[in-house]
Amino acid sequence: MSSPPGTQIFRQTDNTVAIAAGGVIFSAGDEGDAMYVVIAGAIDLVVNGTTVETVQADGMFGELALIDREPRTATAVAKSDSTLVRVEPAQFMLMVRQTPFFATDVMRLLVYRLRQMDGRI
């Protein structure tokens, strides 16, 4: 999937988090308290010990838990040294309400991941 254009707006922030290669951002079962946008680096999304996706720069992950308020379904691990933007629930909801292209990008990402999982079944 190509990078969602809506994530470009996050490149303007200095509110970033550095994660070293091998660092765990969150684990399956954790409370979904934020989503993340990858500014640089790569993040592996791991389910039951299997990497199901690698999120590259300008990609996002962790949005599912902000939408349904359920525990995380995957573990996110930095594949390489990475720079992320952490998006809190209030900011996420504000962006969905005020920025239609961001909301559409999130929906496209969810559909993409659902189709990828369907292809594995």
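Which residue in strand 8 is the bridge partner of T16? The partner of T16 in strand 8 is V85, and the legends below, written for a predicted model, begin with the sheet in which this pair is found.

View 1. Strand 1 and strand 8 (residues 82-87) run antiparallel and are joined by 4 bridges. Besides the pair formed by T16 and V85, the reader can look for I19, which stands opposite S82 in strand 8. Strand 8 is also joined to strand 3 (residues 35-40), again in the antiparallel sense, by 5 bridges, and V38 has L84 of strand 8 as its bridge partner.

**View 2. N15, in the segment before strand 1.** Here the picture moves to N15, which is found in the segment before strand 1. When its neighbours within four places in sequence are left aside, N15 is in contact with L84, V85 and R86. The C-alpha atoms of N15 and V87 are separated by 9.6 Å, although these two residues lie 72 residues apart along the chain.

View 3. An open sheet of 4 strands is shown here, with the order 2-7-4-5 and antiparallel pairing. At its edges stand strand 2 (24-26) and strand 5 (50-56), each of which has a single partner strand, so that one side of each is left without a neighbour in the sheet. On average, and with direction ignored, neighbouring strands of this sheet are turned by 30 degrees against each other. Strand 2 pairs with strand 7 (residues 75-78) in the antiparallel sense over 2 bridges, and within these strands V24 stands opposite V77.

View 4. N48 counts as exposed because its relative accessibility is 79%, where the cut-off for exposed is over 50%. R69 has its place in the loop between helix 1 and strand 7, and its phi, near 60 degrees, is likewise a positive value in a residue other than glycine. With a relative accessibility of 53%, R69 also counts as exposed.

**View 5. The largest pocket and its lining.** About 510 Å³ of space lies in the largest pocket. Of the 23 residues that line this pocket, L45, L64, T73, A74 and R113 are the closest to its centre. Two or more residues of the lining come from each of strand 4 (42-47), strand 5, helix 1 (63-68) and helix 3 (100-120), and helix 3 gives the most, with 7 residues. By kind, the residues of the lining divide into 13 nonpolar, 3 polar and 7 charged.

View 6. Apart from neighbours within four places in sequence, L110 is in contact with E63, L64 and I67. For L110 and L64, the distance from C-alpha to C-alpha is 7.8 Å, while their separation in sequence is 46 residues.

**View 7. The whole chain, for orientation.** The chain has 3 helices and 8 strands, and from the N terminus on its elements run β-β-β-β-β-β-α-β-β-α-α. Of its 121 residues, 39% count as buried. Among the contacts in the chain with a separation of 6 or more, residues 24 or more positions apart account for 79%.

Technical notes:
Residues are numbered from 1 along each chain as its sequence is written. This is a predicted model: local features need pLDDT of at least 70, side-chain atom pairs count only at pLDDT 80 or more; totals for chains, interfaces and linings use all residues. Side-chain values use heavy atoms; hydrogens and water are left out. Two strands pair if DSSP finds at least two bridges between them. Axes are lines fitted to C-alpha atoms, for helices over the stretch in contact, and angles run from 0 to 180 degrees between N-to-C directions. On a 1 Å grid over the protein atoms alone, a cavity is a set of points where a 1.4 Å probe fits but cannot get out, and a pocket is an open set with protein on both sides within 12 Å along at least five of seven lines; lining residues have an atom within 4 Å of a point. Grid points are joined across faces, edges and corners, and a volume is the space filled by probe spheres set on the points. Ala, Val, Leu, Ile, Met, Phe, Trp, Tyr, Cys and Pro count as nonpolar, Asp, Glu, Lys and Arg as charged, and the others, Gly among them, as polar. Buried means under 20% relative accessible area, exposed over 50%, partly exposed in between (1.4 Å probe, protein chains only). Contact means heavy atoms within 4.5 Å.
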